[in-house]
Amino acid sequence: MTNSLHGRTILLIISGGIAAYKSLDLIRRLREVGARVRCVLTQAGAEFVTPLSVAALSEEPVFTDLFALSDGQAMAHIRLSRESDLVLVAPATANLIGKMAHGLADDLASAVLLANDKPLMIAPAMNGAMWSHPAVQANVATLRQRGVAVIGPGKGLMACGEEGEGRMVEVAAIVEAVTAHFAVSGPLAGKRVLVTSGPTYEPLDPVRFLGNRSSGKQGHAIAAALALSGAETILVTGPVALPDVSGVRTIHVESAREMLAACEAALPCDIAVCAAAVADWRAADTASGKLKKGTGAPRLDLVENPDILATLAQSCPRRPRLVIGFAAETESVHDNAKSKLQRKGCDWLVANQVGTDKVFGKDDNQVTLLRRNAQDEVTADPWPSQSKTDVARRLTEEVVAFFNHSP
Ligand code: C5P
């Protein structure tokens, strides 16, 4: 699904309302869409759900005590928000809302909230009379004014048996609000991106194929980084041993021709990143039965595969604004990459040196980013050796800068 929380850390503060039982499900749902969830439980919250359940569901230590010095919890009230992307209070009781509005910090949850420097969302939960009380309404208005997002509350029957407004909204609505926050907040929100990754397998017969050593790690990391920046990301991948990237629509293909068809079906898009190691040739004929030995080695006639990068770069009028290719070279990296950039008609090319012991399947990559300007001049920017995740992040930053300069 798009708008995923992959790579995001949510700090969930659970205060003491009966709706706290829903927070256990909330932890699971947030994690299902990729978030890391760390939890702070107030003393009253711990009356409704146990630290053990919260720890088990979040698979993280639970924070409860402002004064704890053990288990790496010292100064937790500062660190917890610094290490998060968003703070979510669910349920938010009238008491905690009041403390937030007035800057009180007499326990870990309220101290974290006072020291917080991250976006804050609250899902109020209380009796209808409490919710409509002018004191609570004034506190909520103060929080809204400070930029706090208030999710709900909803109307309906409450645990106390009364009806009214004050119920914590359903877990799905909270997850939706959180994912929407990240989807609209990324610098590439509204952009549609196509990424190719992995090798292609070109069948020789029902059991054999021509392939290559691409692991897909670099292409998948790029798809993840672009999605994290808010882009709607479609990943077309050849056979790899990697899990699908959360938040990215992944289309699995085998051959180059299948990959091209999936890419063309994904158009129009704003950006195309062709990181796949597409086989240049395929067998002219695929045997319908397994090729048998005993009659000498079979003759293999090869024909050229379509060039997906060149096709996308020349796909007027549906050409993506920014077309980025990769060049895996074993020698003369720079010269070969430069002529490839011009020949294929892409805008940027990420070039690297490959060999049997380099790049393929590894976690690090040393690349040079070549760019072609409107005058057809090519500039080269060598990047230091770094993890493929960092290469993906930096490439995403360059994409963001490109669209900032020429929106
Ligand atoms: O020509 P070469 O295979 O070295 O070019 C590499 C670049 O072209 C990569 O971006 C790769 O994804 C892309 N490519 C392609 N379709 C092919 C061959 C390469 O998209 N058939």
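Which residues of H6 are buried? The buried residues of H6 are Leu108, Ala109, Ser110, Ala111, Val112, Leu113 and Ala115, where buried denotes under 20% relative accessible area, exposed over 50%, and partly exposed in between (1.4 Å probe, protein chains only). Helix H6 spans residues 108-115, and because seven of its eight residues are buried, the helix is largely enclosed by the rest of the structure.

The structure is a predicted model, in which local features need pLDDT of at least 70 and side-chain atom pairs count only at pLDDT 80 or more, while totals for chains, interfaces and linings use all residues. Residues are numbered from 1 along each chain as its sequence is written, and side-chain values use heavy atoms, with hydrogens and water left out.

The protein has 407 residues, of which 49% are buried. Its secondary structure comprises 14 helices and 22 strands; helices (H or I, at least four residues) and strands (E, at least two) are DSSP runs numbered from the N terminus. Along the principal axes, the C-alpha atoms fill a box of roughly 85 × 55 × 45 Å.

The ligand sits in the largest pocket. A pocket is defined on a 1 Å grid over the protein atoms alone, as an open set of points where a 1.4 Å probe fits, with protein on both sides within 12 Å along at least five of seven lines. A molecule sits in a pocket if more than half of its atoms lie within 2 Å of the grid points of that pocket. Helix H12 (308-313), strand S17 (322-329) and helix H13 (333-344) each give two or more residues to the shell around the ligand. The residues around the ligand (one heavy atom within 4 Å) are Cys274, Ala276, Val278, Asp280, Pro306, Asp307, Ile308, Leu309, Gly325, Phe326, Lys340 and Lys344. Seven of the shell residues are nonpolar, one is polar and four are charged. In this grouping Ala, Val, Leu, Ile, Met, Phe, Trp, Tyr, Cys and Pro count as nonpolar, Asp, Glu, Lys and Arg as charged, and the others, Gly among them, as polar.

A backbone N or O atom of Cys274 lies 2.6 Å from a ligand oxygen atom, and a polar backbone atom of Ala276 is 2.6 Å from an oxygen atom of the ligand. For Lys344, a polar side-chain atom lies 2.9 Å from a ligand oxygen atom. Taken alone, the ligand exposes 440 Å², and the protein buries 88% of that area, as computed by the Shrake-Rupley method with a 1.4 Å probe.

Most residues other than glycine have a negative phi, and most peptide bonds are trans. A cis peptide bond with omega of about 0° joins Leu267 and Pro268; Pro268 lies in the loop between helix H11 (256-266) and strand S14 (271-274). Another cis peptide bond, also with omega of about 0°, joins Cys316 and Pro317, and Pro317 is found in the loop between H12 and S17.

Positive phi values occur at Glu59, near 55°, and at Ser332, about 40°. Glu59 lies in the loop between helix H3 (51-58) and strand S3 (62-63) and is exposed, with a relative accessible area of 60%. Ser332 lies in the loop between S17 and H13 and is partly exposed at 45% relative accessibility.

Key
A polar contact is a pair of N or O atoms within 3.5 Å; within protein, one must be able to donate a hydrogen and the other to accept it, and residues adjacent in sequence count only if both atoms are side-chain atoms. On a 1 Å grid over the protein atoms alone, a cavity is a set of points where a 1.4 Å probe fits but cannot get out, and a pocket is an open set with protein on both sides within 12 Å along at least five of seven lines; lining residues have an atom within 4 Å of a point.
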